[in-house]
There are 2 protein chains.
Amino acid sequence: MATSPADPLTLEVVELIGTVVARYHQEYEEAAAAHALTGAQARVLGLLTLEPTPMRKIATKLRCEPSNVTGIIDRLETRGLVERRPDPADRRVKVAAPTAEGLATARRLRESLRFAREPLGELTDVERTLLRDLLKRMLGEDAQV
Amino acid sequence: MATSPADPLTLEVVELIGTVVARYHQEYEEAAAAHALTGAQARVLGLLTLEPTPMRKIATKLRCEPSNVTGIIDRLETRGLVERRPDPADRRVKVAAPTAEGLATARRLRESLRFAREPLGELTDVERTLLRDLLKRMLGEDAQV
DNA sequence: TATTGTTATACTCTATAACTATA
DNA sequence: TATAGTTATAGAGTATAACAATA
């Protein structure tokens, strides 16, 4: 507690972060909608492009109940963007994996996410490095998604 | 376009911002849930504590359709946190305003939002000032919510 | 005629609980 | 027994379209 909750500087930074969060979300949803995806569908598809993932693990990463994942994958599968594969090692497990079309959609989606790339263009390399280090320290050692 | 999309430093900062966004949202939803509110309800209640607001204007600020606001205000009103007031100047307009209990709930909610206040405690005043200025430049002149 | 708010409808996301098939 | 995934159910947020009251 080095800082009082009412510290004006801290409150200003908190508000700025709130603005960043709002803008980020807005752009993400818009980019997803431009590909006829919901935000949740886009997030899951993005996850799967990193690595085909069992249903249960998707739920853990999304911090939601496993029953929700069933529906999201259902809808992505209906669209031909994802498929369920059996796990040879454990027949209870179903591994969700992107199709070729799913990979292509995810790539286009990623490229359309201008946010934080365009605004960062306003900064110099030195400033970006500074920002990176400040965010890292703010997030602590465990700064993984 | 001063920066290539593939610039590793930029990508790292984008990822860090993504982490901040994810953590911020998670904490916001948890804080809202701790007060038996959904995220949308908490956001609207927070808005109204700044200023009683016509339904239409709430929709604009939330960037959603006016029909959605009806439901959100309905639920807040049922809980006794918000009330609809007629606008003397235009009888079509209904102004949503927080009740005394709504104001108290909003204040407790605000105080429970530790995010970005606690992590910022890791930084010195100089660093916080630096972070503020970088975020401001990143967001541009129109850095309003 | 245009605008404000509401209703009706449909879809998605969400959690909870019960179910199945495996382990 | 325990675990992975699903189904059923209900509540909430969302958009669209049609509507009543008012401007």
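A:D7 is buried, at a relative accessible area of 17% (buried means under 20% relative accessible area, exposed over 50%, and partly exposed in between, with a 1.4 Å probe and protein chains only). This is a predicted model, where local features need pLDDT of at least 70, side-chain atom pairs count only at pLDDT 80 or more, and totals for chains, interfaces and linings use all residues. Residues are numbered from 1 along each chain as its sequence is written, chains are lettered from A and ligands numbered from 1 in the order in which they are written, and side-chain values use heavy atoms, leaving out hydrogens and water.

**Salt bridges**

- A search of the whole structure finds 20 salt bridges over all chains (a salt bridge is a side-chain nitrogen of Lys or Arg within 4 Å of a carboxyl oxygen of Asp or Glu).
- A:D7 pairs with B:R128 in one of them, with the closest N and O atoms 3.9 Å apart.
- That pair crosses between chains: A:D7 sits in the segment before α1 of chain A, and B:R128 lies in helix α6 of chain B.
- Helices (H or I, at least four residues) and strands (E, at least two) are DSSP runs, numbered from the N terminus.
- B:R128 is buried too, with a relative accessible area of 4%.
- B:R128 also forms a salt bridge with B:D125 (2.5 Å, N to O).
- B:D125 and B:R128 are three residues apart in helix α6 of chain B, so about one helical turn separates them.
- B:D125 is partly exposed, at 47% relative accessible area.
- Salt bridges with shared partners join A:E12, B:R132, B:D133 and B:K136 into one network.
- Within chain A, the side chains of A:E77 and A:R84 meet in a salt bridge (2.6 Å, N to O).
- A:E77 is partly exposed at 30% relative accessibility, and A:R84 is partly exposed with a relative accessible area of 24%.

**Nonpolar core**

- In soluble globular proteins, nonpolar side chains tend to be buried together.
- The largest nonpolar core has 28 residues, and A:L131 and B:L131 touch the most other members (a nonpolar core is a set of buried Ala, Val, Leu, Ile, Met, Phe, Trp, Tyr and Cys residues joined through side-chain atoms within 4.5 Å).
- Helices α1 and α6 of chain A and α1 and α6 of chain B each give two or more residues to this core.
- Leaving aside residues up to four places away in sequence, A:L131 touches A:L120, A:L123, B:V13, B:L131, B:L134 and B:M138 (contact means heavy atoms within 4.5 Å).

**Cavity**

- The structure holds one cavity of 30 Å³ or more (on a 1 Å grid over the protein atoms alone, a cavity is a set of points where a 1.4 Å probe fits but cannot get out; lining residues have an atom within 4 Å of a point).
- The largest cavity has a volume of about 70 Å³, where volume is the space filled by probe spheres set on the points.
- A:I17, A:V20, A:L135, A:M138, B:I17, B:V20, B:L131 and B:L135 line the largest cavity.
- At least two lining residues come from each of α1 (8–34) and α6 (125–139) of chain A, and α1 (8–34) and α6 (125–139) of chain B.
- The lining has eight nonpolar residues, no polar and no charged (Ala, Val, Leu, Ile, Met, Phe, Trp, Tyr, Cys and Pro count as nonpolar, Asp, Glu, Lys and Arg as charged, and the others, Gly among them, as polar).

**An exposed leucine**

- A:L50 is found in helix α2 (residues 39–50) of chain A.
- A:L50 is exposed, with a relative accessible area of 71%.

Key
On a 1 Å grid over the protein atoms alone, a cavity is a set of points where a 1.4 Å probe fits but cannot get out, and a pocket is an open set with protein on both sides within 12 Å along at least five of seven lines; lining residues have an atom within 4 Å of a point.
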